[in-house]
Amino acid sequence: MVSPVTVVKSEGPKLVPFFKATCVYFVLWLPTSSPSWFSALIKCLPIFCLWVFLLAHGINFLVSHRSASRILAGLIFSAVGDAFLIWQEQGYFIHGLLMFAITHILYSSAFGMKPLDLKAGLLMAVVSSSCYAFLYSYLSGPFTYLVAVYIALIGFMGWRAMAGVQLCNDLWTWTKLSACVGAMLFMVSDLTIALNEFCFPVPYSRFIIMATYYAAQMLIALSAVETRDEEDFRKRS
């Protein structure tokens with residue numbers, strides 16, 4: 001297994017643009033009350049940097065490793081979803097919801113169905129059901145079923161990410177752990193959005209949403225490079 005120190009040395013420099021773009025977003029902190037293409041660009045810029053991060057590993061790598069290419073596709077749909085949510089007050093919230101639903105399907109596919117880990121699946125089913133049960137009384141119209149479907153999809157994605165981390169069997173890798181933590185942070189981000197949008201104002205909601213979201217996307221993007229890092233490690237050994 002490739003050590004975390006080796007990973008940091010090899011992947012860290014490629015993530016510098018992402019960290020800089022994230023800092024730009026938080027420093028500018030453009031008001032959400034005045035949506036514009038510039039604010040959409042600033043919001044999406046960290047995700048664009050994650051595209052570049054994966055592309056920097058080579059087109060051949062992405063073509064030959066389906067999980068990496070699916071994560072890249074998920075990041076593309078995420079950026080489109082981010083842009084739609086800039087204009088959510090103008091009626092584009094559902095469009096953003098759809099884009100992120102596709103993202104979770106792509107991420108789930110990238111994480112795969114092995115190992116199955118039904119215990120993790122049962123845990124995520126309980127968590128997802130509990131979240132929807134809490135939100136249900138606040139929902140109306142099409143959101144009653146749209147949110148249900150969305151929670152099911154992100155819960156499934158969280159299950160597949162969690163299933164890859166077998167700490168008890170010592171079969172985990174740093175990238176599987178990265179995917180798992182990333183998926184959990186994504187769920188925290190989306191739950192905060194749901195609470196703030198449908199239930200009640202959440203203090204510092206925007207900061208919580210964006211900080212957990214960017215961290216989640218970075219960790220999920222990192223989970224795509226495991227195969228490449230192992231190949232490079234074998235070549236150097």
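Which side chains meet in a salt bridge? They are those of Lys-14 and Glu-11, with 3.8 Å from N to O. A salt bridge here is a side-chain nitrogen of Lys or Arg within 4 Å of a carboxyl oxygen of Asp or Glu. By this rule the count is one. Side chains of opposite charge can pair when their charged atoms come close. Glu-11 is buried, at 2% relative accessible area. Lys-14 is partly exposed, at 29%. Buried means under 20% relative accessible area, exposed over 50%, and partly exposed in between, with a 1.4 Å probe and protein chains only.

The model is predicted: local features need pLDDT of at least 70, side-chain atom pairs count only at pLDDT 80 or more, and totals for chains, interfaces and linings use all residues. Residues are numbered from 1 along each chain as its sequence is written, and side-chain values use heavy atoms, with hydrogens and water left out.

Now the overall plan. The chain has 11 helices and zero strands. Helices (H or I, at least four residues) and strands (E, at least two) are DSSP runs, numbered from the N terminus. Of the 237 residues, 46% are buried. Take the contacts between residues at least 6 apart in sequence: 78% of them join residues at least 24 apart. Contact means heavy atoms within 4.5 Å.

Next come the helix pairs. Two packed helices are described by the angle between their axes and the distance between the axes. Axes are lines fitted to C-alpha atoms, for helices over the stretch in contact, and angles run from 0 to 180 degrees between N-to-C directions. Angles under 35 degrees count as roughly parallel, over 145 as roughly antiparallel, 65 to 115 as roughly perpendicular and the rest as oblique.

Start with H5 (residues 66–86) and H6 (residues 93–111). Their axes come within 8 Å and cross at roughly 170 degrees. The two helices are therefore roughly antiparallel. Their contact has 14 nonpolar, eight polar and two charged residues. Ala, Val, Leu, Ile, Met, Phe, Trp, Tyr, Cys and Pro count as nonpolar, Asp, Glu, Lys and Arg as charged, and the others, Gly among them, as polar.

Move on to H8 (residues 143–163) and H9 (residues 174–199). They pack at about 160 degrees, with axes 8 Å apart. That makes H8 roughly antiparallel to H9. The crossing is left-handed, meaning that the near helix is turned anticlockwise from the far one by less than a right angle (right-handed if clockwise). Residues of H8 in this contact include Phe-143 and Tyr-150, and those of H9 include Phe-186 and Asp-190.

H9 also packs with H10 (residues 205–222). Here the axes come within 7 Å and cross at roughly 155 degrees. That makes H9 roughly antiparallel to H10. This crossing, too, is left-handed. The contact has 16 nonpolar, nine polar and no charged residues.

Finally, the loops. Ser-223 sits between H10 and H11 (226–236). Ser-223 is buried, at 13%. Beyond its neighbours within four places in sequence, Ser-223 touches Ile-71, Phe-111, Thr-175, Ser-178 and Ala-179.

The loop between H6 and H7 (118–136) holds Pro-115. A cis peptide bond joins Lys-114 to Pro-115, with omega about -5 degrees. Asp-117 lies in the loop between H6 and H7 as well. Its phi is near 50 degrees, a positive value in a residue other than glycine. Trp-29, in the loop between H2 (16–28) and H3 (37–55), has a positive phi near 45 degrees. Trp-29 is partly exposed, at 34%.
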